[in-house]
Amino acid sequence: MSNLRIFLKNQLNIRHMRLMVALDEHRSVMKAATYLNLSQPAISKSLSVLEEGIGTALFRRTKSGMMPTDAGACLIRHSRRVLLRIERAERELEELMTAGSTHLSIGTLPATAVYLIPHFIARLEAELPHTTVSLREGTMDSLLPALRTGQIDFAVGLLTSQHMPEFETHVLMRDPVVAAVRPGHPLLSLPEVTLADLEGYPLVLPLHNTLARGALEAMFMNKRIPITRNRIDSVSTMANVGTLQVTDAIGFLSRSLVAHFRRLGVLEKLPMHLPPDVHLPIGLVRIADLDRTETHDIAHRLMVETATRIQEQGLF
């Protein structure tokens, strides 16, 4: 039996796996030590034990931080899978030991937390009344690592064109982007608003590197109108809405979000036509090739049905 096999079978443990994942996510011994509540010397010693047992370097130090080698990336990938299955086993055992009780953990964008998730929870309570739901709000950059480590069962958020084979995605809805302002905004007096009319007003825009932001920038470029430097690039729903309430800024937000705050008398939709490709692809993301519980399958079905119902009934 090779030394590598002996090490993997007899000495590799859960603490080693958590260390590898923490170093990969934080790219720093100091930050990983803080996250794992360990000292930096303890982290360095454990990594040395791992590298000696594996027989090769697992990380290399660069200007950008600790970067995994090919061997390190391999061990990290398998460590994530093992930790995820342990997390799932813990939840299933808790459900079995708590008669009739189930648990579901969902990650969501701030925008979908306002309209899609509440309708989903109402459907879930009707079908699975003894289910506890944990919600975690954030961007996809923070939700995907939580998905990998089993902290959430699935994420509802913006889909990208990036190929991620470890995840399974399901498109829920394509939410058009509209221009929104506060009630009483000067531009609401116009029968139709054009891009040229926006000159001089601050803009609230989706973050860079999103499909909606790219489509908006192309739209401005086609009309030879520069995007103003006086702008806010933000994914924070409440900050965006709050800014629009107290300024003359113009926000490019999802139609469903604007419809929600319009019903509350907080925002108004500008009479402005935007191309159909300016939209937010909202989808459900979960780990591929993973055993599902009945609760997970029901939740997936209800989320799809909820999104379909919202679109069919014009709730956004």
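**Figure 1. Cover over the buried residues of helix α8.** The buried residues of α8 are covered by elements that include β6 (167–181), β7 (203–205), β8 (231–233), β9 (250–254) and β11 (279–287). This is a predicted model, in which local features need pLDDT of at least 70 and side-chain atom pairs count only at pLDDT 80 or more, while totals for chains, interfaces and linings use all residues. Residues are numbered from 1 along each chain as its sequence is written, and side-chain values use heavy atoms, with hydrogens and water left out. Helices (H or I, at least four residues) and strands (E, at least two) are DSSP runs, numbered from the N terminus. Cover is judged by contact, meaning heavy atoms within 4.5 Å.

Figure 2. Which residues of α8 are buried? They are A212, R213, A215, L216, M219 and F220, where buried means under 20% relative accessible area, exposed over 50%, and partly exposed in between (1.4 Å probe, protein chains only). These residues cover an arc of only 165° around the axis, which puts them on the same side of α8. The arc is that of the directions from the helix axis to the C-beta atoms. M221 and N222 are exposed on the other side of α8. The helix comprises 12 residues (211–222), and at 1.5 Å a residue α8 should span 16 Å; its end C-alpha atoms are 17 Å apart, which agrees. The expected span is 1.5 Å times one less than the number of residues in the helix.

**Figure 3. R224, after helix α8.** R224 follows α8 and is found in the loop between α8 and β8. Its phi is positive, about 55°, although R224 is not a glycine. With a relative accessible area of 78%, R224 is exposed.

**Figure 4. Helix α3 and its buried face.** In α3 (residues 29–36), the residues V29, A32 and A33 are buried. Seen down the axis of α3, the buried residues fall within an arc of 100°, so they line one face of the helix. Among the elements that cover them are α2 (14–26), α4, β1 (59–62) and β2 (65–68).

**Figure 5. N37, between helices α3 and α4.** N37 sits in the loop between α3 and α4. Is N37 buried or exposed? At 70% relative accessibility, N37 counts as exposed. Its phi is positive, about 60°, although N37 is not a glycine.

**Figure 6. E51 in helix α4.** E51 belongs to α4 (residues 40–54). Its relative accessibility is 21%, so E51 counts as partly exposed. Not counting residues up to four places away in sequence, E51 touches T56, A57, L58 and F59. A71 is 20 residues from E51 in sequence, and the two are 9.7 Å apart in space, C-alpha to C-alpha.

**Figure 7. A113 in helix α6.** A113 is part of α6 (residues 110–127). A relative accessible area of 24% makes A113 partly exposed. Leaving aside neighbours within four places in sequence, A113 is in contact with T108, P118 and E137. The C-alpha atoms of A113 and V29 are separated by 34 Å, and the two residues are 84 residues apart along the chain. V29 is also one of the buried residues of α3.

**Figure 8. M140 in helix α7.** M140 lies in α7 (residues 140–148). With a relative accessible area of 12%, M140 is buried. Which residues does M140 contact, leaving aside its neighbours within four places in sequence? They are L109, P145, A155, G157, L158 and V285. Of these contacts, L158 is 18 residues from M140 along the chain, with 7.1 Å between their C-alpha atoms.

**Figure 9. The whole chain, as context for the close-ups.** The secondary structure comes to 11 helices and 11 strands. Along its principal axes, the C-alpha trace spans about 80 × 50 × 30 Å. Buried residues make up 44% of the 316 residues in the chain. Among contacts between residues at least 6 apart in sequence, 74% join residues at least 24 apart. The chain exposes about 16,800 Å², of which carbon and sulfur atoms supply 52%; accessible areas come from the Shrake-Rupley method with a 1.4 Å probe, and for residues only the protein chains shown count as cover.
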